[in-house]
Amino acid sequence: MTLLRAALCAAAAAALWVGWNAFWFQCDDAYIAFRYVSASQLGWGYTWNPPPFRPVEGYTSFLWVALLDGVWRGLGVPPPVAANRLALLFSAASLALVVAMVLRLRLSPGLARWRTAVLALVLLGVVSNRTFLAWTSSGLETALFGFLLLAWVAIGVFGSGSRRSLAALSLAAGLLALARPDGLLFAAATAAILVVRAAAGGGVSARALVPALPLLIPALHVAWRRAHYGFWVPNTYYAKQVAAWPESGVRYFAAFVLEYAYWIWLALALAAGLRALRGGALAARLRAGDPALASRLLVGAALALHFAYYTLRVGGDHFEFRVYQHWVPLLLISLPMVAERAGLSPRRSLAALVAMILLGWPLPWLHWWHTRELVTRAETFKLHHRVSPHLPAGLRWYAAAWDDLEGWLIRHLVGLRHQEHKIFGELQLARFPSRAQGAQITGDGHPVLAYHTIGVPGWVLPHVAVIDWFGLNDVVIAHSKPRRVTSEERQMAHDRGPPEGYLDCFRPNVFVLKKYGFSVRPRARELTDDEIRACETRFLTGSE
């Protein structure tokens, strides 16, 4: 049995490698983080533009930026080379956690006899899932965040409750909060779990507080953010948040559920929940003060709140199901157990898992097959390929519902598919000179580029100040009045723009040429440090 499981793990690792190569891409946004690393290497710290421009936190993940910085300094591997290799490493670590969690699942004796089959199916479901494979690369921190979240869930659900286990839970939560700002939610849930465990152990004591020490990591980081950047949350939050957008989020979630047949999991989870409530066992355990159950419920509550925030508040994500990536292994791992709790026999529980995997293949893979060779911007801009015509007549209604959801989402720049970001990133790299060539434009006289797609240009022009039209890396624009506010007008992460006169205030003198490269035009009068500070202060004051 051990050899068979080892063979399954080896096969899954090989499939992961194949999938990583098949979906390999670096999106333009990844180069935003790369520029912050570059700024640190140049001695400016983690900021977008060189001084005297004010520091701005336009990156999403402090931990990802710091990791890329450390790899570049320690190993000499620059971010564009290191990022996807690290993402593959964290994806492989996530697979290892999947194996560990399946082997520790609490199954009935009847289903436990099929644990190796469960492991094989879960691994198959993960490594054949388009969303999981898409985020094994990208240059973004998604694989890192997904790994840390899986680790946090694994410790929270399967941990022993010992001080060592609780300290590991706190460390995972602390790193999660550094990996993405929404990781603070899991740090808060961890604090609640520690309180529950301490109360069950006889009350809070100095010794009981030791496992909570890693939670100081996010607290110190938030304090540093406030002192260094002037805000409690990253600049990206202000740039993207216009108003709650449930009209988008519900469609984003529905498309995810239809694409991978996760409605099977939802139906079984509802049935299992109703059975638990009717049986009264859950209520009895809660009244008895079971700390292990309370901890698991807090883990579930944190996951649910995280899901609700992105679905109902944010409205999904600009990228292809990126904020749901961690749900792929979690739903597959938990389905056999959920099916049993819903009253299914062991064989039917396995059948439900098989059905969810098989029914989750046609839509994403048909879409991939018919779009994988599109290589121009015209072909991939707001890429929406209808899958329903490629299915038998009796199944087209299902695919047509998914097609309609995708059409609405992509029209609003929500959930843009992997191929669009891949081709756009490649075209950006081909359109601009190399970083070595761009670095020849020095910072003398404060050269300024004002542009709307700033990832690759920001990376290849390390000494040039780049004004980000959409405000992700600009405090003034992020705090300015949004251009689009109604649901039908909105474009995910593209709703803000520069206030009138703001760009002109910096007298931009670096311009993107229509076909290739940059043009630098001398100014009649040099831009001074005092002018830069005055522009930022005047417009920031006016936007508040």
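Q: Why is Cys 505 called buried?
A: Buried means under 20% relative accessible area, exposed means over 50%, and partly exposed is in between (1.4 Å probe, protein chains only). Cys 505 has a relative accessible area of 15%, so it counts as buried. Keep in mind that this is a predicted model, where local features need pLDDT of at least 70, side-chain atom pairs count only at pLDDT 80 or more, and totals for chains, interfaces and linings use all residues. Residues are numbered from 1 along each chain as its sequence is written, and side-chain values use heavy atoms, with hydrogens and water left out.

Q: What about Cys 535, buried or exposed?
A: Its relative accessible area is 4%, so Cys 535 is buried.

Q: How do you know that Cys 505 and Cys 535 form a disulfide?
A: The rule asks for a pair of cysteine sulfur atoms within 2.5 Å. Here S to S is 1.9 Å, so the pair passes. The count by this rule comes to 1 disulfide. The pair links distant parts of the chain, with Cys 505 in helix H27 (residues 502–505) and Cys 535 in helix H28 (residues 529–543), 30 residues apart. Helices here are DSSP runs (H or I, at least four residues), numbered from the N terminus.

Q: How do you know whether Cys 27 is buried or exposed?
A: With a relative accessible area of 1%, Cys 27 falls under the cut-off, so it is buried.

How values were computed:
Helix = DSSP H or I, 4+ residues; strand = E, 2+ residues; numbered from the N terminus.
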